[in-house]
Every structure is written in C-alpha cells, then in structure tokens.
Amino acid sequence: MESETALYVNYLPVLLGGVVGFILVFTALIGARLLAPFSEENQKSTTYECGMLPIRRASTNIGMRFYLYAILFIVFDVEVIFIFPWAMSFLNVGVFAYWLMVLFIGVLALSLGYAWKKGALQWR
Amino acid sequence: MTDIFGQTLNLNYVLLLPEIVLLIFSMLVIGIDAFKRQLNISGNVPVGLALAGLVVALTLSILQVNMDEDFARLIQVDSFTSFFRILFIAITLVLIVGSHEYIEKSVSHVGEFYGLLLLATVGAMLMASARELLTAYLAIELLSFSLYIAVSLARSDRRSGEASLKYVLLGGVASASLLYGLSMIYGVTGATQYHEISAVLSAGDTGLTTPLLLGLVLIIVGLGFKASAVPFHMWTPDAYEGAPIPVTAFLSATSKAATIALFLRWFGGPLLPIASDWQFILSGVAVATMVVGNLVALQQVNIKRLLAYSSIGQMGYMLMAIVAVGSGFGSDATSAVLVHLAGYIITNLLVFISVTHFFNQTGQEEITSFKGLAQSNPYLALMITAGLFSLAGMPLLVGFFTKFILFQAVVSAGHLGLVTVAVVASTVSLYYYLMVVRQMYLYEPEDGTEQWRLSLTGYVTTLALFVSLVVFGLWGTPLYAAADAAAAGMF
Amino acid sequence: MDSPGIVIGFYMMAGLVLGSGTLVFLARNLLHALAFLVISFLGMAGLFLTLSADFIAMAQILIYAGSISVLMVFAVMLTPLASRDNGNTIYVLPGLLAAGGIATFVGFLALDTSWSGPATDFTTTIDLIGNLLLGKYVLAFEIASVLLLFALIGAIMLVQISPSDPEEGEGR
C-alpha cells in the first residue's frame, strides 16, 4: 500500500491548493452575491453612464500577426516539456546528457535567430 | 556506450552521416537565405548549397551500401535503407536541377523551400531506416511537416493555401490515428522495437485480439492516408492541384515511396506474424484504390489532378503487393515492389518535370492547354508521351517491365483475383493517359505554331530520365539486382 | 489506483471533464465555451494523475491548458466579430452518433480486454522518461528538436506578410 500511493503523496499539495483555491474564490463570489446591493436599471448596462454614446462595439479585430506570438509560445512550451525529464535524469546520465541538451537548445536557438531575423518578434 | 539500464548502445554516428549532412545543409540554406542581404551574395547560392548537400549525402550513402549495422537500436543501416536513401536523394536532386527555374519564378520563400525539400528527404530516409516505432513516427512527422509548409508556397495561387490547410487538417487526423494504432500495438506487445514486437506476436495468442485489431485498422488508416489509398485519398487531388509543381512531384514520388517503405518494414516485419488479420483489410483497400483511382482519373481536366488520381491508382498496385508480402512470399514481393517503385518514380519525375517546363512557358495546367504541343515543342511532347505510356505499362518502357514483375509476384503468392482487378484497372488507365497524348498530337496549337525550347537543365534532366526509362525498360537487370539485394536485407 | 481516495478522485475528475465538456457545446458565447474547454483540459490532467501518469498530466496542463487554449482564444479574437457566438451546427445528429459509436467501441475495448499494467512502485515517472529519452530513444529526442525548429520556421513563413504580395494585408 505504501508504494502504491507513493506517487500521489507528492501531489497532495497540489490537491490541497486546488481545493483551497476553489473554496476561496467560491466563497468570495457567493459572499458578493449575498452581501452586495444590486440595482436593476437600464442605464447601468451602457458603456458610459454619462457622456458620449459609443458608436461601435468596443471589441475590434486584432492583426493576424499576433497569432504568430501564440505559435511561438507553443513551440517553446513544447521545448520546456522536453527539458523537465532531462533535468530529472541529468545526474544519472552525465556529460552525454549535457551535450544532448546543448544540441537540443542549440537547434532551437537557431529557430529563435530565424524568428528574430525575419522580424517576427517585432511589434508592428 | 551503455545507457543506465545497462544496455549497450551503438552510437556510431558515421551511420547517420547522410542524414546529418542533409540536415546541416538544410539549416545552412535557410540561414544563408535569411542573411543574403547582409552577406551580399547572389541568388544562386541557396540552390548551389542544396545541391552540394545532396551530392555529399549521396556519396556518403553510396559508400555505406554494403553496411548492416544499427544506430542505438533505433536506425538500421542495411541494404534496404541504402536503396531508399539513394532513391530519395536522387529524387530531390533531379527535382531541384530539373525545376529550379520554376522554383525561382513561382515559389515564395525560395531559400526556405530548398531547406524544406532537404528536410523532407531526411524524413523519408529515416522512415525507411527506422527499426523502432517512435523513431518511425517522428520521421513521418518530419516528412509531413515540411510538406505541409511546402504545399502552401505557390506564389499568387489562392488554391495553394487551401491545399495546405486541407492537407494539414486531414494529415493531423491521420497522424493521430496512426499514433493511437501504434499505442495499441505497444500496449499489446510492450515493445517498440520491430524485432521484439515480431517475437511477441509470433510467440502465439496474446489474448488481446480486439486491441490488436483496432491497432491494425488505425495503422492502416494512418498509413493509407499518407499513401493516399482509397477511402483516405480525399486530400490528394486538392493538395496536388494547389501545390507548386515540384512539390506535387515530391508528394507523388518521395512521400509515396517512403510510405511504401514503411508499409514494407512494418507489414513485412513486426506485423508479419498476424498477416491473416490485416491481409483482408489491405486487399480491400488495394482493390478500392485501384478501381477508384483509375476511374475518377477519367473525368479530370487538370493535368495535376489527373496525375494525382493516376498516382492513387499506382499506389493500389503496390498495396496489392504488400498483401502478397503477407502470404509468405516476402522477399519476392518486396523486391517486386521496390522495382516497381523505382520505375514508377523515374516515369513520374519525367512527366512532372516536363509539365513543369510546360507551365514555365505557358502558365497553364489544363489538359486542353496541351493542344498541339507536338508542333510547338515536339521534344517535350515526346517526353510526356513516353512518360504517360510508361505509367500505363506499355512494352519497351520501364513501366511495362516493373508492372509485369509486380503482377507476377502477386500471382505467384496466390492472389489471382487482385491481379485481375489490377489488369483491368491498368487497361482503363491507358484511356486517360491517351487523352493527354491525343491533345498533344491530334490538335492544332491554339496560339500559333511558334516553336519554343527548354532550358539546358531541362533538356539534361528530361533526357537523363528518358534514357533510364528506355534502358531499364529493355534491360532491367541492374534495377532488379539492386531491389533483390535490398529485399534480401529485410528477410 | 486501488486506494479509495484515488478512485474517488478519478471519478470526480471524470465528472469534471464530462460536465465541462458538455458545457463547451451548450455555452452560447464562444469565449465561455473556451473557458469550459480549459477546465475540461485541467480535469483531463487530473485523470492522468490518478492513473499514475504524472508527466503526461504536467504536459497536459502546460501545453493544452496553457498554450493551446491561448492559441484558440487568439483565433477567436482574430476572427471577425460576426462569429463570436457558438453557432448551431447541422451536424448535431451525425456528431452524436459518431461520438456514441466511438464511446461504445472504446468502452467495449476497455472492459473486454484484460490489460496488464506495469507493477507501479515509483514516486514520479518524469525521471524514467528522462532516462529513456537520454538513452534508449536518444535519436527521437534530437529529431524532436529539429521538428520544432521547422514547425517554427513554417509558422513564421506562413504568417508573414511578404512585401511582394500586395493583396495580403490587414483583415486577412
């Protein structure tokens, strides 16, 4: 029984954090609902209660280029996934592992260089 | 060295040199292209570098022809691998030499395009040489990723983006299905090494028939997509039509050959002990592929779509031979598939490079636009005719010889019904190949009989391909010997 | 996963995944649907965790709940306003049938087969995976980095607006 739950013991803090976080947010929301005064007026749902009426919806389209940032983020996120297990077994494997990771990051650094050169990181 | 599980790993990097060289050159091409303004170099440097990389890799692969050694039990460099390595590098080499004018004129991001072609070649080479499921899967992704991007690179062609999107979405589904299938195989056998899987499966009933069957079906779906076997072929015509013509040629040559290599490695190796489980699925797929591919080709009006359906039909013949591999005629059937593959690729490259040059001159790709080509450019018309006749399997050309060997191998494995379908389908195919030939020879050109010529590299590549088409058609022994040696390495 | 706490956790997480998954297609607002999708991803991570696959759980949170959902939010924000709500689809019935079919089949497969798992006696799977990546599958590790490199190059090439193509502009 000891060994079977060994994996899960590590994750007890995560569970605890999740439960506590849920309770905190939930009580805050419920508390606000119960305690705060509400008024039902049409004026409340307008953008400005006094002043100019807005002519269009506030949300507009953002440039397509921003999609690139999300994709860059995913690629480097996936890279991180590979670094975690490497970090855990780095000491077992030794120098070989070090050079493997140098190669891995080196290849990915090329991609960063390419992105930089092509102006993908530029805010336009 | 030994890993921490105490297993010896043969880390002989020399074995991977062709792949490593191609990878380095592919990154170099892209890097140099990105900095071409600062370095102040001419536009010919990327293509020169790409060709240099290919030639070096080709030399290295030829030097390793007689090897039989594994790299860390992930890659097996044997004669089968060498056959495909040389084939793939030669395809890319011929394509770049034969259509560099087209690439410079009608492809956006030229430098990256060459880099992607080299990367796709590496992926295909790894697919043929992997001896372990995970490496094979990553190799497939390497090939597919670079092709997803390359398909979208036709300049000022709206169909190109659409083609790429369809290819990516359906390719993603196929990859997922393949991966799920592989996980089933791993779940049943507990191994990813081909020979370990084979050992577990041939040891007898695993008691896990249902997941094994599901795994087989999913693998056939995934690989069938890559091979554009019916009913997973829907992406093929659109992707072929939208892609730049060299990429279309690459899709129909390297991508298909690599998939067939993987079919042979998997279904002739780890999955051979359960042949009775997959043979009937695969024969159904093969029949559907031959019939649908050749029948739908009849009503095409675009030459790229026509060639797409023609290549679907051709894949049907090869899948049929893979069924024969399962009947205990592995070595014969494999070498027949390899011979047919080589012949098909030589022929297809000739047709595609000729079409590329036709497009360079006229900017059109409808079949009716080939009207009167025999008058305006008799040489090109002859090349296209020879290629199409060879695809149809006319005697004296390589297509006849290879198709004969293929059908014979399948018959001797006892699948007479399959061959009957194949012969009928192959007769039908003659009709739509002749449609193109008719346009070229029986009609007057629409815009005058003005003669035009190919570029020097165009003449050299088409002539070289034409010569090998005829020579191998009359004297196929070298091809057959190479394929035999490659097949012998596997069984 | 024989101890009762873990079994209860498994079913709680399964409920979370199913519940938020249902809300994904019931929500009228596309952004709300995305939020429920993220919750469903998190629940999936919890499922992996109760099945002793902690590395996959982490990858699920990092990649799916983290960046894939960001990508989807971007996709919603970047498309024209008209498509901001989670529209009706004519494929409800075929979709339900397909989902039901797959669920039945996978369920049959899971119950019918006597799967044998490895004897679990570990505190984490991450170092096992690390050892495999750096030993048995060393080549796969490096191929993955090349794959990522070219994925990124491709993404940049596809998104980039080339100056030679005037028809590509804002609003595409």
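Visitor: Does C:Ser52 count as buried or exposed?

Guide: This is a predicted model, in which local features need pLDDT of at least 70, side-chain atom pairs count only at pLDDT 80 or more, and totals for chains, interfaces and linings use all residues. Residues are numbered from 1 along each chain as its sequence is written, while chains are lettered from A and ligands numbered from 1 in the order in which they are written. A residue is buried if 20 or more other C-beta atoms, placed from the backbone, lie within 10 Å of its own, exposed if 12 or fewer, and partly exposed in between. C:Ser52 has 20 C-beta neighbours inside 10 Å, so C:Ser52 counts as buried.

Visitor: Where is C:Ser52, and what is its phi?

Guide: C:Ser52 is in the loop between α2 (30-50) and α3 of chain C. Helices (H or I, at least four residues) and strands (E, at least two) are DSSP runs, numbered from the N terminus. Phi is positive here, in a residue other than glycine, and lies near 60°.

Visitor: Is B:Ala72 buried or exposed?

Guide: B:Ala72 sits in the loop between β1 (69-71) and β2 (75-77) of chain B. Its phi is also a positive value, near 50°. B:Ala72 has 24 C-beta neighbours inside 10 Å, so it counts as buried.

Visitor: Which peptide bond is cis, with omega near 5°?

Guide: Look at the loop between α9 (209-226) and α10 (235-242) of chain B, where B:Pro231 is found. The cis bond runs to B:Pro231 from B:Val230.

Visitor: Are α3(B) and α5(B) roughly parallel or roughly antiparallel?

Guide: The axes (lines fitted to C-alpha atoms over the stretch in contact) have angles from 0 to 180 degrees between N-to-C directions. Those of α3 (residues 44-63) and α5 (residues 110-129) of chain B come within 9 Å and cross at roughly 10°. Angles under 35 degrees count as roughly parallel, over 145 as roughly antiparallel, 65 to 115 as roughly perpendicular and the rest as oblique. The two helices, α3(B) and α5(B), are therefore roughly parallel.

Visitor: How many residues of chain A are in contact with chain C?

Guide: Two residues are in contact if their C-beta atoms, placed from the backbone, lie within 7 Å. Chain C brings 51 residues to this contact, and chain A brings 50.
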